[in-house]
Amino acid sequence: MKPAAKLGVFGNPIEHSLSPRIHGLFAEARQEPVEYRRHLTTPGRFSRSVAEFFRHGGLGANVTLPFKQQAARLVTQLTDRARLAGAVNTLIPNESGQLLGDNTDGEGLIKDIHNKGFCVSERSLVVFGAGGSARGILPLLLEQKPKNLYLINRTVEKALTLKSELMALGLVAAEQIQVHSSASDINQPIELLINATSSSLSGQELLLPPVLAENACGYDLMYADKPTVFMQQLSQAGCKKVTDGLGMLIEQAASSYQLWMGGERPDTAFVMAQFRSSS
Ligand code: ATR
């Protein structure tokens with residue numbers, strides 16, 4: 001039998017990561033021998049842990065919080081989308097052992113937004129947050145050509161810097177993206193709200209826009225066993241379609257798996273159904 005492909009994920013904390021189960025299900029469905037392990041590391045040990053993993057035959061690895069930005073500085077080469085994000089969630093070694101860093105988060109979000117029947121194109125959109133997660137998704141959201149994009153961050157300078165970077169890269173014109181420190185300043189009905197802050201981790205509420213469109217949808221990049229605070233807030237505000245980030249997690253994993261293992265994109269609907277039936 002073929003030896004198992006050695007894959008893994010580096011993070012801290014890492015014990016609750018769902019990635020081993022997701023990749024295990026992809027491998028099972030495709031009948032490929034895969035061993036996908038969690039690796040707990042620290043900022044001081046991160047580069048050494050990654051180097052050791054690949055020296056011992058690692059075929060590919062994911063990187064999660066808080067190492068995505070550190071991983072972008074570690075690799076020899078970055079894909080365009082990882083460079084835009086300034087963050088790497090997928091490490092791929094080349095034949096000479098050098099690492100390529102990619103970021104599949106934005107692709108994962110867009111695929112799941114489509115799975116859920118949400119729409120970005122020609123819609124008025126709010127994105128909360130201007131940290132690493134927001135950086136990963138904004139270039140791909142902008143590619144979908146929203147009508148308006150409001151970028152909200154309580155530290156407004158960070159959002160303004162991010163907007164300047166996106167403009168400098170030619171991804172957006174000044175009038176297409178409006179920056180505010182609070183969504184309460186928005187004076188237009190909003191059709192899609194995306195939470196890319198870590199507010200749900202600490203269970204804190206965000207100030208919502210005063211007017212939501214009748215068919216407004218909400219997406220929290222975080223996931224948990226029960227609806228996040230952001231999802232609860234939106235439901236109370238009358239939003240009928242709200243989701244957490246489990247679908248995005250599964251989709252970004254499928255993109256990584258395909259990059260490492262080749263072949264067709266793994267079947268994500270099957271994995272989503274397995275998770276939903278066991279939750
Ligand atoms: P990540 O990689 O998860 O994006 P990050 O780069 O540390 O993590 O960014 C966290 C984001 O969540 C930031 O936009 C942060 O806002 P500030 O830039 O003002 O710090 C945002 N954030 C975290 N907790 C928040 C809260 N309770 N309310 C609003 N925004 C919050």
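Why is strand β7 (residues 124-128) largely enclosed by the rest of the structure? In strand β7, 5 of the 5 residues are buried, so the strand is largely enclosed by the rest of the structure; buried here means under 20% relative accessible area, exposed over 50% and partly exposed in between, with a 1.4 Å probe and protein chains only. The model is a predicted one, in which local features need pLDDT of at least 70 and side-chain atom pairs count only at pLDDT 80 or more, whereas totals for chains, interfaces and linings use all residues. Residues are numbered from 1 along each chain as its sequence is written, and side-chain values use heavy atoms, with hydrogens and water left out.

In a regular strand the side chains alternate between the two faces of the sheet. Both faces of β7 are covered, with S124, V126 and F128 buried on one side and L125 and V127 buried on the other. Helices (H or I, at least four residues) and strands (E, at least two) are DSSP runs, numbered from the N terminus, and two strands pair if DSSP finds at least two bridges between them.

| Strand pair | Bridges |
|---|---|
| β7 and β8 (residues 148-152) | 5 bridges |
| β7 and β10 (residues 190-195) | 4 bridges |
| β10 and β11 (residues 212-220) | 5 bridges |
| β11 and β12 (residues 241-243) | 3 bridges |

Strand β11 is mostly covered, 7 of its 9 residues being buried.

One is made by β7, helix α6 (residues 132-143) and β8, and another by β11, helix α8 (residues 229-236) and β12.

Turning to the ligand, 15 residues surround it, the closest being N153, R154, T155, K158 and Q204, where a residue counts as near if one of its heavy atoms lies within 4 Å. Polar contacts are pairs of N or O atoms within 3.5 Å. An oxygen atom of the ligand lies 2.9 Å from a polar backbone atom of S133, and an oxygen atom of the ligand is 2.8 Å from a side-chain N or O atom of K158. A nitrogen atom of the ligand is 2.8 Å from a side-chain N or O atom of Q204.

Definitions and conventions. Right-handed = clockwise from strand over helix to strand, strands pointing away. Polar contact = N/O pair within 3.5 Å; in protein donor to acceptor, adjacent residues only side chain to side chain.
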